[in-house]
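Let's take a walk through this model together, going from its surface to its pockets. Have the viewer open and follow along.

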Amino acid sequence: MTSTTTDAHLPRGAFHKGSWRTRLAALMTRLTLRPVTNLLPTSRGGIEFSRRLVATSMNLFGPVPKGTSVDLVSDGPVRGEWVRAPGLRPGPRVILYIHGSAYVICSARTHRGLTARLSRSTGLPVFTVDYRLAPEHPFPAAADDLEAAYRWLLGLGYSARNIVIAGDSAGGHLAADLLIENDRTGTPQPGAMVLFSPLIDLDFELSARTERTRKDPMISASAARKLVALYTDGQDADLPRLRLDLALVRELPSTLIQVGGTEMLRGDARHLHAMLEAAGGRSELEIWPDQMHVFQALPRLIPEAADALARASEFITDALDTTDVQHDSKEQVTR
């Protein structure tokens with residue numbers, strides 16, 4: 001599969017124009033949801049309304065498949081839930097999922113449908129970290145909670161090379177921060193990473209630029225910036241853990257980035273893809289025409305959601321198998 005940084009040169013044989021249902025969903029979202037999200041205040045009442053709105057939408061358009069096993073976890077600083085597809089047997093591999101929504105809105109519960117389908121598609125258990133949300137818990141609470149969850153999985157006996165980092169939206173920023181912190185602390189890096197519509201630029205300058213050519217159906221760059229500011233409030237915008245730079249990170253995991261062709265985070269996805277490749281990592285960028293933000297979470301609304309998850313699952317299997325082969329080769333050399 002060939003990586004790409006433009007909409008015009010997509011992976012060979014991969015994507016076509018979005019289905020009529022997809023294009024209709026984007027149009028209706030632009031006409032109904034975008035005006036609401038752009039006007040909602042960042043007061044306690046406005047945030048609570050946003051949380052309920054998103055939770056309802058996720059449950060309606062991406063419900064949890066029947067038979068899914070869910071086990072809640074509260075272990076010291078680690079909070080989250082294990083999500084397993086029906087009949088899933090324990091194994092050495094695991095997915096650590098980082099939900100998005102501007103550090104403010106979503107939870108492990110809102111993303112349970114997505115993580116359940118990811119578990120079913122990959123045949124792997126998924127642990128979704130339920131990190132603390134802003135404005136109640138500003139920076140670096142979410143980043144600290146993710147770091148604790150990753151080290152918790154290592155403590156449970158999972159080898160780093162068998163851990164997949166997956167996430168969406170703000171989860172992309174948290175995932176990249178984790179890689180930098182792992183490198184800084186000498187912690188082994190995960191075996192693979194899959195990100196849906198990752199947010200990287202917390203100032204939303206890339207998004208604002210992208211919006212000049214096509215408006216995001218869900219929210220404007222300025223409105224999204226106000227939400228994220230609830231997490232970063234009082235911090236220097238150039239703080240290394242906010243304005244991320246992967247240039248010096250070693251042992252980067254093979255990464256797949258999927259982003260919708262209608263969303264403003266196309267610029268962020270390209271930027272992250274370019275950073276990973278410039279640092280010597282392997283990155284594949286897929287820009288899905290006509291798709292909205294984190295369309296993988298909305299299978300009842302978006303027919304292509306299942307195809308995107310299937311591609312992500314194939315990538316995960318291939319990446320982990322390759323990592324295993326490389327690890328075995330290194331062991332043979334050192335004997």
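This is a predicted model: local features need pLDDT of at least 70, side-chain atom pairs count only at pLDDT 80 or more; totals for chains, interfaces and linings use all residues.

**From a surface helix to the pockets**

Is Leu 24 partly exposed or buried? Leu 24 is partly exposed, because its relative accessible area is 41%, and the partly exposed class lies between under 20% for buried and over 50% for exposed. Leu 24 also belongs to a nonpolar surface patch of about 530 Å², which it makes with Trp 20, Leu 27, Met 28 and Leu 31.

The largest pocket holds about 980 Å³. It is lined by 44 residues, and those closest to its centre are Leu 33, Thr 37, Val 54, Ser 101 and Met 218. Helix α1 comes back here: along with α2 (44–61) and α7 (221–232), it is one of the elements giving two or more residues to this lining. The largest share, 8 residues, is from α2. Sorted by class, the lining of the largest pocket has 28 nonpolar, 12 polar and 4 charged residues.

What is the volume of the second largest pocket? It comes to about 490 Å³. Of the 21 residues lining this second pocket, Pro 190, Glu 251, Leu 252, Thr 323 and Gln 326 are the closest to its centre. Helix α9 (residues 305–334) supplies the largest share of this lining, with 6 residues. By class, the lining of the second largest pocket splits into 8 nonpolar, 9 polar and 4 charged residues.

Note on methods. Residues are numbered from 1 along each chain as its sequence is written. Side-chain values use heavy atoms; hydrogens and water are left out. Patches are made of residues with over 30% relative accessible area and no salt bridge: like charges are joined within 9 Å, nonpolar side chains (Val, Leu, Ile, Met, Phe, Trp, Tyr) within 5 Å. Accessible areas come from the Shrake-Rupley method with a 1.4 Å probe; for residues, only the protein chains shown count as cover. A salt bridge is a side-chain nitrogen of Lys or Arg within 4 Å of a carboxyl oxygen of Asp or Glu. Buried means under 20% relative accessible area, exposed over 50%, partly exposed in between (1.4 Å probe, protein chains only). On a 1 Å grid over the protein atoms alone, a cavity is a set of points where a 1.4 Å probe fits but cannot get out, and a pocket is an open set with protein on both sides within 12 Å along at least five of seven lines; lining residues have an atom within 4 Å of a point. Grid points are joined across faces, edges and corners, and a volume is the space filled by probe spheres set on the points. Helices (H or I, at least four residues) and strands (E, at least two) are DSSP runs, numbered from the N terminus. Ala, Val, Leu, Ile, Met, Phe, Trp, Tyr, Cys and Pro count as nonpolar, Asp, Glu, Lys and Arg as charged, and the others, Gly among them, as polar.
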